Amino acid sequence: MGRSVDPNMRVIGEKFTSIERKLPVMEVGRVCLEPGCATHLSRYNDQEYCALHAPMVVPRMRGTVLDD
Ligand SMILES: [Zn+2]
């Protein structure tokens, strides 16, 4: 699936611009940096990877970190 970005996606995105204009907007049309991953990143997501490929950050929910 090496589809390039569909230009129509831009049009769809702009439909919401007037509504969400007040929010800080990141560059439009970004995709996950993971090679082969074409997941579009939210304009409001300042990460460089999608949720699946985001660098693992261990949430310290239990105060326990598995360490080998
Ligand atoms: Zn990804």
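## S42, an exposed residue

S42 is exposed because 12 other C-beta atoms lie within 10 Å; a residue is exposed at 12 or fewer such atoms around its own C-beta atom, buried at 20 or more, and partly exposed in between, with C-beta atoms placed from the backbone. This is a predicted model, where local features need pLDDT of at least 70, side-chain atom pairs count only at pLDDT 80 or more, and totals for chains, interfaces and linings use all residues. Residues are numbered from 1 along each chain as its sequence is written.

You will find S42 in the segment after helix 2 (17-20).

## E48, in the segment after helix 2

E48 also belongs to the segment after helix 2. With 14 other C-beta atoms within 10 Å, E48 is partly exposed. E48 and R30 are 8.3 Å apart, C-alpha to C-alpha, and 18 residues apart in sequence.

## The chain as a whole

The protein chain has two helices and zero strands; these are DSSP runs numbered from the N terminus, with helices (H or I) of at least four residues and strands (E) of at least two. Of its 68 residues, 1% count as buried.
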